[in-house]
Amino acid sequence: MLEVKTFVTGPLATNVYLIWDDETREAALIDPGMNAEGVADDAAELTPKFIFNTHCHFDHSWLNALYRRMWDAPLVYHKLDEPVLKRSPDAAAEWGFPQMEPSPRADRYCEEGDVFKLGDEELSVLHLPGHSPGHVGFV
């Protein structure tokens with residue numbers, strides 16, 4: 001069974017999700033936003049498998065670089081959000097936030113219908129453009 005813990009982080013109240021299989025302890029981090037460093041403490045006994053961005057606005061990708069280094073897990077987002085990610089540091093500055101560390105590019109892109117496994121559990125990708133061109137959800 002999948003377990004989910006939600007963290008509301010940063011000045012824009014971004015939802016950050018830690019999701020894991022309760023048997024294998026394989027985990028995914030979804031949208032590592034501003035001030036989400038503490039999520040690592042909750043994930044200390046889990047096995048990192050993926051870092052997902054539902055979309056690549058700066059408040060959802062702020063700590064991509066940090067968690068990519070810490071977890072050594074693939075960063076995954078939809079290819080259509082690549083331009084959004086590239087612009088994130090400038091967008092953050094325009095909003096008056098301090099300089100963010102640029103995110104690494106995806107290790108893997110996802111698209112509608114892709115399936116990611118955490119233990120025996122599966123997360124399926126839904127492409128939900130609108131908020132951003134590559135916005136996705138996981139079910």
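Helices here are DSSP runs of H or I with at least four residues, strands are E runs of at least two, and both are numbered from the N terminus. The model is predicted: local features need pLDDT of at least 70, side-chain atom pairs count only at pLDDT 80 or more, and totals for chains, interfaces and linings use all residues. Residues are numbered from 1 along each chain as its sequence is written, and side-chain values use heavy atoms, with hydrogens and water left out.

Next, select H3 itself. Which of its residues are buried? They are Asn64, Ala65, Tyr67 and Trp71. Buried means under 20% relative accessible area, exposed means over 50%, and partly exposed lies in between (1.4 Å probe, protein chains only).

Now show Leu18, Val39, Phe58, Trp62, Tyr67 and Trp71, the residues with the most contacts inside the largest nonpolar core, which has 29 residues. A nonpolar core is a set of buried Ala, Val, Leu, Ile, Met, Phe, Trp, Tyr and Cys residues joined through side-chain atoms within 4.5 Å. Two or more residues of this core come from each of several elements, including strand S2 (14-21), helix H3 (64-71) and helix H4 (82-94). H4 gives the most, with four residues. Apart from this core lies another, of 13 residues, among them Ile19, Ala28, Phe50 and Leu118. In soluble globular proteins, nonpolar side chains tend to be buried together.

Stay with Trp62 for a moment. Leaving aside neighbours within four places in sequence, its contacts (heavy atoms within 4.5 Å) include Pro32, Met34, Ala92, Phe97 and Glu101.

Zoom out to the whole protein chain. It has four helices and nine strands, in the order β-β-β-α-β-α-α-β-α-β-β-β-β along the sequence. The radius of gyration is 14 Å, close to the 14 Å that the globule rule gives for 139 residues, so the chain is as compact as a globular protein of that length. That radius is taken over C-alpha atoms, and the rule is 2.2 Å times the number of residues to the power 0.38. Buried residues make up 50% of the 139 residues.

Finish at Val139, in the segment after strand S9 (136-138). Why does Val139 count as exposed? Because its relative accessibility is 58%.
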